[in-house]
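Please work through the exercises below with the sequence and the model open side by side, and try each task before reading its solution.

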Amino acid sequence: MTAPRTASRLPQQRTEAMNPAQPKSGYLPSLDGWRALAILGVLMTHDLSFRIGRFDDAGFKGYGGYGVYLFFAISGILITTRILEEEAKIGRFDIKAFYIRRIFRIQPAALVYLSVVLVLLLVGIIHDTVYYWRGAVLFYTNFLFPGSDVTARGRFTGHFWTLAVEEHFYILLSLLLLFIRKHRDKAFAGMIVAVYVVQVIARHHGYYTDASPRRTYWVILYLMTPALLALLLRRAAVMRAAKLFLYPWVAYLGTFVVMEVDRMRHGLGQHFLSVGMLDAQSGYLFFGFALWIIATMLHPESLSTRFLELKPLRYLGRLSYSLYLRHLLFFNPARAEVGITSPTLLLLSERPWKYLASIAAAMLSYYLIEKPLVRMGHRLAPPATPGHRDLDVQDSRVS
């Protein structure tokens with residue numbers, strides 16, 4: 001989410017991030033493109049429905065929620081790959097440095113937004129309780145209320161459920177990679193199968209409720225599975241096979257063919273979007289995201305990758321984290337159940353002002369908070385492999 005190293009990269013440079021023989025990696029522009037698509041999906045889901053002539057977006061809004069799971073897939077692949085690169089470079093995983101960089105990456109922008117929400121709450125502009133705000137600050141808001149909650153509770157902090165899940169994943173992943181030194185891919189695969197079996201059993205006995213979809217132990221598979229794929233790609237044979245066969249069009253077509261076959265098998269009356277997260281139909285798409293991302297990373301010459309690397313998409317991708325944090329402050333006041341009476345917020349919640357205000361707030365956050373604090377985190381804990389050029393910090397461990 002920071003400035004790119006270059007506008008274009010040679011194919012071998014783009015794939016070295018996942019190649020054990022070339023542990024040093026650089027900026028992958030396609031990942032910012034995926035982030036842009038993910039945040040556009042989130043914005044579509046959180047916006048009110050609209051109609052232009054005979055067209056309205058009501059039938060598409062449900063798909064926007066998949067943007068969250070696209071973010072999960074990106075994190076699972078990228079964070080795992082970065083940790084493995086560091087090990088290959090310096091011979092060990094520096095968990096302390098990892099936590100320092102994650103804290104400076106996630107917390108500052110989030111805490112500034114939550115501070116603004118708290119002030120608005122205390123002066124009565126936002127009508128809510130500190131209960132949900134505290135859950136967002138301490139990253140456990142995903143355990144506080146149902147995923148389909150239609151009340152005004154936590155309207156300006158509820159989206160922190162995804163950040164809570166990612167924080168929990170960072171802790172779990174780092175501890176697993178720190179203590180499991182051999183046969184990691186087998187250990188991860190076994191853990192994923194075990195979690196899935198437990199989920200199936202729990203759902204069969206009625207423990208999967210309306211509050212479940214946001215809880216970490218139900219969602220963690222959508223981060224752990226991409227992490228497993230990143231581990232597998234460290235094997236030379238797997239990498240060769242992926243480069244030979246996993247083209248973007250193969251990943252897309254394969255995902256949708258499997259989904260369609262399963263949908264037809266269950267009958268036309270049961271659409272895959274209408275079933276629970278644990279059911280195969282929706283899971284195919286969630287898990288397919290990881291294959292899509294890897295396919296575009298390994299095939300930079302493809303049309304998909306070139307599309308993802310368009311400058312507007314890459315820039316939007318760099319703003320995606322700040323945009324995700326701040327957009328509800330401008331999207332939710334228009335909802336009657338939220339009860340906002342502030343003329344300013346109501347005005348900014350109209351189109352197109354909600355989008356312009358969200359982007360403006362995201363740009364301020366990105367340039368004034370995100371970049372400076374991420375750079376500070378990199379100075380305190382220099383990464384073994386570089387990312388964006390303006391964040392590169394010379395590390396004596398690899399000089």
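**Exercise 1. Locate P352 and describe the peptide bond that joins R351 to it.**

Solution. P352 sits in the loop between α17 (343-348) and α18, where helices (H or I, at least four residues) are DSSP runs numbered from the N terminus. The bond joining R351 and P352 is a cis peptide bond, with omega about 0°. This is a predicted model, in which local features need pLDDT of at least 70 and side-chain atom pairs count only at pLDDT 80 or more, while totals for chains, interfaces and linings use all residues. Residues are numbered from 1 along each chain as its sequence is written, and side-chain values use heavy atoms, with hydrogens and water left out.

**Exercise 2. Determine how α15 and α18 are oriented and which residues meet.**

Solution. Begin with the axes, which are lines fitted to C-alpha atoms over the stretch in contact, with angles running from 0 to 180 degrees between N-to-C directions. Those of α15 (residues 311-326) and α18 (residues 353-380) come within 8 Å and cross at roughly 100°. The two helices are therefore roughly perpendicular to each other, the class that covers 65 to 115 degrees.

Next, list the contacts, meaning heavy atoms within 4.5 Å: the α15 residues include Y315, L319 and R326, and their partners in α18 include I359, M363 and Y366. By class, this contact has eleven nonpolar, three polar and three charged residues, where Ala, Val, Leu, Ile, Met, Phe, Trp, Tyr, Cys and Pro count as nonpolar, Asp, Glu, Lys and Arg as charged, and the others, Gly among them, as polar.

Because its relative accessibility is 38%, A360 counts as partly exposed, the class between buried (under 20% relative accessible area) and exposed (over 50%), with a 1.4 Å probe and protein chains only.

**Exercise 3. F139 and H183 both have positive phi without being glycine; is each one buried or exposed?**

Solution. F139, with phi near 60°, belongs to the loop between α6 (130-137) and α7 (160-179), and counts as buried because its relative accessibility is 11%. H183, with phi near 55°, belongs to the loop between α7 and α8 (184-204), and counts as exposed because its relative accessibility is 55%.

Note on methods
Angles under 35 degrees count as roughly parallel, over 145 as roughly antiparallel, 65 to 115 as roughly perpendicular and the rest as oblique.
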